[in-house]
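Student: I want to learn how to read residue-level features in a model. Please give the general idea first and then the case at hand.

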Amino acid sequence: MARISYDDDTAAAYQEVREIPRDGLAQWRDALRRHLNPVPGTTLADIGAGTGTFAATFSDWFGLAVLAVEPSAAMRAQIPRRPGIQVLAGDAGAIPVPDASADGAWLSTVLHHIPDLEAAAREIRRVLRPGAPVLIRQGFPDRADWADTWWVHHWFPETTRTVATWPSVERTCEAFGAAGFGLDSLERISETYRTSLADFLAKADTFRQADSPMRALTEEEFRRGRERLRRAADNAAETPEPRTSWLDLLVLR
Ligand SMILES: C[S@@+](CC[C@H](N)C(=O)[O-])C[C@H]1O[C@@H](n2cnc3c(N)ncnc32)[C@H](O)[C@@H]1O
């Protein structure tokens, strides 16, 4: 069970406000190059692929063959159907591909939805070729100042309550270690959004729908956060300021 239901409304909200424009992902492009060493036809299992934003981006950037595995029918329906992307119903504990058929696995903001991390790690071990990396894009609660740079957290600080329950780096390494993976690297990757504060304010309800820590806020916490945002938006320049935050890339092999 995911922490929130990824139904039609959530899928539409996710696509509207959570997908990061490609020009904000330059550092991820560089990191994928370094850790996956992609060539056209390299097979990447995108586990918990969501609306397929990374599947499409990676297929365009590197000519990858992406296996986009996603449990929610509503999210899956948004994944672009085109050569280079195979859309599959499945989840991290049941990946519908043969043994040793992928050159890498990509899990972007998915770990906290996986109910049994050990079982998922074993299943990922099964589908990867020996030596292939698991690339995890994630906010980890034990990377202390992570949330400080997350712009949503700036306005809605109580989102920390939910993030604190997500798997830590240590817990993740332990689960994947039991399946035979070792820590390869852990680095911060920055990403940039260009949404103006006025836009964010106008779409605050949509963000709340699309984001599990925002969903867990009480009405009062949400109202207070929106008020902070309103005051900041009133004082902000009209031109959208680029906002940079970072997430971790944890690589296991
Ligand atoms: C926050 S979204 C991230 C989507 C995408 N990876 C991205 O970064 O845009 C989390 C996704 O994980 C999926 N999910 C939930 N439980 C899962 C599981 N056990 N295994 C794999 N994916 C899961 C959800 O359906 C949802 O699409």
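Student: Is Phe200 buried or exposed?

Tutor: Buried means under 20% relative accessible area, exposed over 50%, and partly exposed in between (1.4 Å probe, protein chains only). Phe200 has a relative accessible area of 0%, so it is buried. Phe207 is at 5% relative accessibility and therefore counts as buried.

Student: What should I know about the model itself?

Tutor: This is a predicted model, where local features need pLDDT of at least 70 and side-chain atom pairs count only at pLDDT 80 or more, while totals for chains, interfaces and linings use all residues. Residues are numbered from 1 along each chain as its sequence is written, and side-chain values use heavy atoms, with hydrogens and water left out.

Student: How many aromatic pairs are there?

Tutor: A pair of aromatic rings is described by the distance of the centres and the angle of the planes. Rings of Phe, Tyr and Trp (its six-membered ring) pair if their centres lie within 6.5 Å; planes under 30 degrees apart count as stacked, over 60 as edge-to-face and the rest as tilted. The count by this rule is 11 aromatic pairs.

Student: Why does the pair of Phe156 and Phe222 tie together parts that are apart in sequence?

Tutor: Helices (H or I, at least four residues) and strands (E, at least two) are DSSP runs, numbered from the N terminus. Phe156 belongs to the loop between helix H6 (151-155) and helix H7 (160-163), whereas Phe222 is in helix H12 (residues 219-235), so the pair links parts 66 residues apart in sequence. Phe156 is buried at a relative accessible area of 0%, and Phe222 counts as buried at 2%. The pair of Phe200 and Phe207 is edge-to-face, because the ring centres are 4.5 Å apart and the planes stand at 80°.

Student: Which residues do ring pairs link into a cluster?

Tutor: The cluster consists of Trp28, Phe54, Phe58, Trp61, Phe62 and Trp106.

Student: Where does the charged end of Arg208 sit?

Tutor: A charge sits over a ring if NZ of Lys or CZ of Arg is within 6 Å of the ring centre and within 35 degrees of the ring normal. The charged end of Arg208 is over the ring of Phe222, 4.2 Å from the ring centre.

Student: How many residues surround the ligand?

Tutor: A residue is near a molecule if one of its heavy atoms lies within 4 Å of it. The ligand is surrounded by 21 residues, and the closest are Tyr14, Gly48, Glu70, Ala92 and Ser108.

Student: Which atoms of Tyr14 and Ser108 lie by the ligand?

Tutor: A polar contact is a pair of N or O atoms within 3.5 Å. Tyr14 places a polar side-chain atom 2.8 Å from a ligand oxygen atom. For Ala92, a backbone N or O atom is 2.9 Å from a nitrogen atom of the ligand. A polar side-chain atom of Ser108 is 2.6 Å from an oxygen atom of the ligand. The protein buries 96% of the 600 Å² that the ligand exposes when taken alone.

Student: Where is Thr109, and what is its phi?

Tutor: Thr109 is in the loop between strand E4 (104-108) and helix H5 (117-127). Its phi is near 45°, positive in a residue other than glycine. At 17% relative accessibility, Thr109 counts as buried.

Student: Where is Asn37?

Tutor: Asn37 is in the loop between helix H2 (26-36) and strand E1 (43-47). Asn37 has a positive phi of about 55° although it is not a glycine, and at 60% relative accessibility it counts as exposed.

Terms used
Polar contact = N/O pair within 3.5 Å; in protein donor to acceptor, adjacent residues only side chain to side chain. Areas by Shrake-Rupley, 256 points an atom, 1.4 Å probe, with all protein chains shown as cover.
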